[in-house]
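Hello,

Here is the structure we talked about.

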Amino acid sequence: MPESNYGEERVVRFGLASRLAHWSNAICFVLLLVTGAALVFPSFGHAVGPEGMRAFRQIHRVVAVPFAFLAPLIMILGDPKALGNWLKEIFSWSKTDLEFILAYPREFFGLKAKLPEQGKFNAGEKLNSLLTLFGCLMMAITGFIMLYPGRFSPAVVGWAHPLHSLGALVIGGVIIGHAYLSLLHPHSKESIKGMIWGTVSARFAREHHAKWYREAVKLRVQPAMRPIEGEEIDSIA
């Protein structure tokens, strides 16, 4: 992505409810991943001992409840409009999104890449959201089956265990890639500020989410958002 000097104006990307939902989900998943690893891998279990295993098992069961319900509840009660817009975006894919996915591996590994313009969520963020959404659903359903095995057939319980582990591996991989891009990648680490403070630089918004930025300029929703160089507001489609 090109880096231009657009000044240090800040624009709002995420509201309070979105940030609380994001971090509640992330904290719960990390706790579940660590405690779940102790339950699955014997060497980890031996390291924490019998008392540690009992504590980890209890933590795993308790944290599973907010993991399944807290983030959706925060969004439904706190900002249902943002929830609807997020769902609409992550299930809306265009040709430019597919072009972004094909070109992004070069950008991910620090090579030069020509990426098509993106909306508020780029195609990588949409894919990350879909994997997280369906992965969390699978984890919640299989976790419930494993917690109450007597209510289900042996075959269903038998399938729940490997699917639960598969879900943990998928979401764990997604989180590692997400953390790398948010904290370490030179072109995208500005994005973590949006999820902590709610705002990103206007320069970052223009260069990484140009479609969303243009639409926001047209609607005049944020004073710090000005037309991209060479464009007039009235000419924005």
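Glu207 and Arg203 pair through their side chains in a salt bridge, 3.6 Å from N to O (a side-chain nitrogen of Lys or Arg within 4 Å of a carboxyl oxygen of Asp or Glu). Both sit in helix α8 (residues 202–208), four residues apart, about one turn of the helix. Helices are DSSP runs of H or I, at least four residues, and strands are runs of E, at least two, numbered from the N terminus. Glu207 is buried at 11% relative accessible area, and Arg203 is buried at 18% (buried is under 20%, exposed over 50%, partly exposed in between; 1.4 Å probe, protein chains only). Salt bridges with shared partners join Arg10, Glu190 and Lys193 into one network.

This is a predicted model: local features need pLDDT of at least 70, side-chain atom pairs pLDDT 80 or more, while totals for chains, interfaces and linings use all residues. Residues are numbered from 1 along each chain as its sequence is written, and side-chain values use heavy atoms, leaving out hydrogens and water.

The structure holds seven salt bridges. One of them joins the side chains of Arg13 and Glu125 at 3.1 Å, N to O. This pair links distant parts of the chain: Arg13 is in the loop between β1 (10–12) and α1, Glu125 is in helix α5, and they are 112 residues apart. Arg13 is buried, at 3% relative accessibility. Lys193 bridges to Glu190, with the closest N and O atoms 3.3 Å apart. Lys193 is partly exposed at 37%; Glu190 is buried at 11%.

Best wishes
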